Amino acid sequence: MNKVIVTDHPLIQHKLSIMKDKNTGSKDFRELLEEISMLMCYEVTRNFPLEEVEIETPLCTSKTKMLTGKKVGIVPILRAGLGMVDGMLKLIPVAKVGHIGLYRDPETLKPVEYYCKLPMDITEREIIVTDPMLATGGSAADAVTLLKEKGAKNIKLMCLLAAPEGIEAFHKVHPEVNIYVAHIDEYLNDHGYIVPGLGDAGDRIFGTK
């Protein structure tokens, strides 16, 4: 059963509001995206399994919990998804990073693939796909389809903003993949942009038009 998890922590909502402001420059936008991604990573990894281990503290032997060696892969959808990677790597420094290049055709609004490089052991990894915007849902759906074709079995999608239309379209193709978002906005406009949204995430990250 599909599931959408909204990480509505006050710090995330505060930082997201600053990102949405049209007067926020690229430097601050990038830093805020990295910070929010790190905060969201806390929620995305909540169900990672633990095992009991025995360690020596400065005082005595103690039984405690550690991750069970879970292998993680972070796969940003280029180019905007790159802005979410560094924040996640601060919490999961051993994660491997793959890349999927997709762009949206301005006429058809359909995604076009131009690059794909993934970890060799992708079948063994918990994959977290990152893209700031889940608008039409086409790019995210195609990226996950590609990952499944390469053998990925455990996949999560992590976005900053989502439109209801994008969530519905994505889950029609991948009903079992959970979506983690910071906020669900109102709707898509005729150009496929999320409203009220924050504009083109890639342009605001990299300072392009």
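## Close-up views of a predicted model

**View 1. Ala 201 in helix α6.** With a relative accessibility of 5%, Ala 201 counts as buried (buried is under 20% relative accessible area, exposed over 50% and partly exposed in between, with a 1.4 Å probe and protein chains only). Ala 201 is part of helix α6; helices (H or I, at least four residues) and strands (E, at least two) are DSSP runs, numbered from the N terminus. Not counting residues up to four places away in sequence, Ala 201 touches Phe 29, Ala 80, Pro 132 and Met 133, where contact means heavy atoms within 4.5 Å. This is a predicted model, in which local features need pLDDT of at least 70, side-chain atom pairs count only at pLDDT 80 or more, and totals for chains, interfaces and linings use all residues. Residues are numbered from 1 along each chain as its sequence is written, and side-chain values use heavy atoms, with hydrogens and water left out.

**View 2. Asp 200 in the loop between β13 (194-195) and α6 (201-206).** Asp 200 is partly exposed, at 28% relative accessibility. Apart from neighbours within four places in sequence, Asp 200 is in contact with Arg 79 and Tyr 193. A polar atom of the Asp 200 side chain lies 3.0 Å from the backbone nitrogen of Gly 202. In the unreviewed UniProt entry, a "binding site" annotation covers Ile 194, Gly 199, Asp 200 and Ala 201; such annotations may be inferred rather than shown by experiment, and positions follow the numbering used here, with feature names shortened.

**View 3. Arg 79 in the loop between β4 (72-78) and α3 (85-91).** Arg 79 has a relative accessible area of 33% and is therefore partly exposed. The side chains of Arg 79 and Asp 203 make a polar contact (2.7 Å); a polar contact is a pair of N or O atoms within 3.5 Å, and within protein one must be able to donate a hydrogen and the other to accept it, while residues adjacent in sequence count only if both atoms are side-chain atoms. Beyond four places in sequence, the contacts of Arg 79 include Gly 202, Phe 206 and Thr 208.

**View 4. Ala 135 in the loop between β9 (133-134) and α4 (138-149).** Ala 135 is buried, at 12% relative accessibility. Leaving out residues up to four places away in sequence, Ala 135 touches several residues, among them Arg 104, Glu 165, Leu 188 and Ile 194.
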